[in-house]
Amino acid sequence: MVGFNSNESSATYFILIGLPGLEEVQFWLAFPLCSLYLIAVLGNLTIIYIVRTEHSLHEPMYIFLCMLSGLDILISTSSMPKMMAIFWFNSTTIQFDACLVQMFAIHSLSGMESTVLLAMAFDRYVAICHPLRHATVLTLPRVAKIGMAAVVRGAVLMAPLPVFIKRLPFCRSNILSHSYCLHQDVMKLACADIRVNIIYGLIVIISAIGLDSLLISFSYLLILKTVLGLTREAQAKAFGTCVSHVCAVFIFYVPFIGLSMVHRFSKRRDSLLPVIMANIYLLVPPVLNPIVYGVKTKEIRQRILRLFLVTTHTSDH
């Protein structure tokens, strides 16, 4: 390809394929994908608006939910506009630096979301196992500090990523097999030893996703132990407050783990499965999270219904 600096053997741009083998129908597939993106943005903005305007919802669980919704909007927005440009306008070129920015944004935001999910698990653990201490342990200033820690942790973990990519020479193809830039995809194009990148990727996954999922599982074991000692009515109430978060955990971690496994063991770069899983990973959680919390959380559901009733009544007049 032409996108190489011949003096430094470095890529100046990459080509994003989109959906390998489905180039003829990408234009039409973009419409449902764009609809899902709009649903994700609208749904998460609705959650943020409701929590912000309802003072009774200014509690740790709902503030963490706002953080989750904000991250979902940013994660989907980091990839979807470019994906739509590929499908609708055949704008497959992405500059090297823009690719690095997109890569850093996607991976760091994913790390932040994992941290927020862990914080939500801790909130449920304190609320159920130590209810009398919940108000003193998770004060609003402390919740804000946890949110800042999530941002710093995600950014710091991914800070070396651009450096590790920039050091690689790219003298083969500059065609990426995905609809957006991923570390696993970009490093495979390098014509040099990528063991440092592989080790770095494993360290990040273990120290962030692996550790967070382990701590979330441990917190729910403690919650389960406590709940089993309660009355049936109290058990139902306790489980009811956890269902939405458990769903959000599975919605986030299952596609992530599946995508990581496919990238590790898939040998074909033109395979459609990793691309579909990558798109699911970035689009499905932002779409489903507000739906799950809207359906399963009574307080959110009531506010959403009230908001739509007010909107309908206003439009009728």
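Me: Leaving aside its neighbours within four places in sequence, which residues is Asp-212 in contact with?

Reply: Ser-114, Thr-115, Leu-118, Arg-153 and Tyr-253 are in contact with Asp-212 once those sequence neighbours are left aside. Bear in mind that this is a predicted model.

Me: Where is Asp-212 found, and is Asp-212 buried or exposed?

Reply: Find the helix, then check the accessible area. Asp-212 is found in helix 9, which covers residues 195-227. A residue counts as buried under 20% relative accessible area. Asp-212 has a value of 1%, so it is buried.

Me: Which transmembrane regions does UniProt list?

Reply: The unreviewed UniProt entry lists residues 27-50, 62-80, 100-122, 143-165, 198-224, 236-256 and 276-295 as "transmembrane region". Such annotations may be inferred rather than shown by experiment.

Me: How much helix and strand does the model have over residues 198-224, and how far apart are the end C-alpha atoms?

Reply: The span 198-224 is 100% helix and 0% strand, and its end C-alpha atoms lie 37 Å apart. For residues 27-50 you again read 100% helix and 0% strand, with 35 Å between the end C-alpha atoms.

Me: On to pockets. What is the volume of the largest pocket, and which residues lie nearest its centre?

Reply: The volume of the largest pocket is about 590 Å³. Its lining has 24 residues, and Met-61, Arg-124, Lys-237, Thr-241 and Glu-299 lie nearest the centre. Helix 10 gives the most to that lining, with six residues. Helix 10 (232-265) is one of the elements that supply at least two residues each; the others are helix 2 (60-77), helix 4, helix 11 (272-296) and helix 12 (298-316). By type, the lining of the largest pocket splits into ten nonpolar, six polar and eight charged residues.

Me: What about the volume and lining of the second largest pocket?

Reply: The second largest pocket has a volume of about 470 Å³. It is lined by 26 residues, and those closest to its centre are His-107, His-183, Gln-184, Gly-201 and Ile-205. Helix 4, helix 8 (183-187), helix 9 and helix 10 each give two or more residues to this lining, with the largest share, eight residues, coming from helix 9. The lining residues of the second largest pocket divide into 15 nonpolar, nine polar and two charged.

Me: Where does Gln-184 lie, and is Gln-184 buried or exposed?

Reply: Gln-184 lies in helix 8. The cut-off for buried is under 20%. At 19% relative accessible area, Gln-184 therefore counts as buried. From Gln-184 to Arg-301 you cover 117 residues in sequence and 39 Å in space, C-alpha to C-alpha.

Definitions and conventions:
Residues numbered from 1 in each chain as written. Predicted model: local features only at pLDDT ≥ 70, side-chain atom pairs only at ≥ 80, totals over all residues. Heavy atoms only, no water. Helix = DSSP H or I, 4+ residues; strand = E, 2+ residues; numbered from the N terminus. Buried < 20%, exposed > 50% of the residue type's maximum accessible area, 1.4 Å probe, protein only. Contact = heavy atoms within 4.5 Å. 1 Å grid on protein atoms, 1.4 Å probe; cavity = no way out; pocket = protein on both sides within 12 Å on 5 of 7 lines; lining within 4 Å. Points joined across faces, edges and corners; volume = space filled by probe spheres on them. Nonpolar A, V, L, I, M, F, W, Y, C, P; charged D, E, K, R; others polar.
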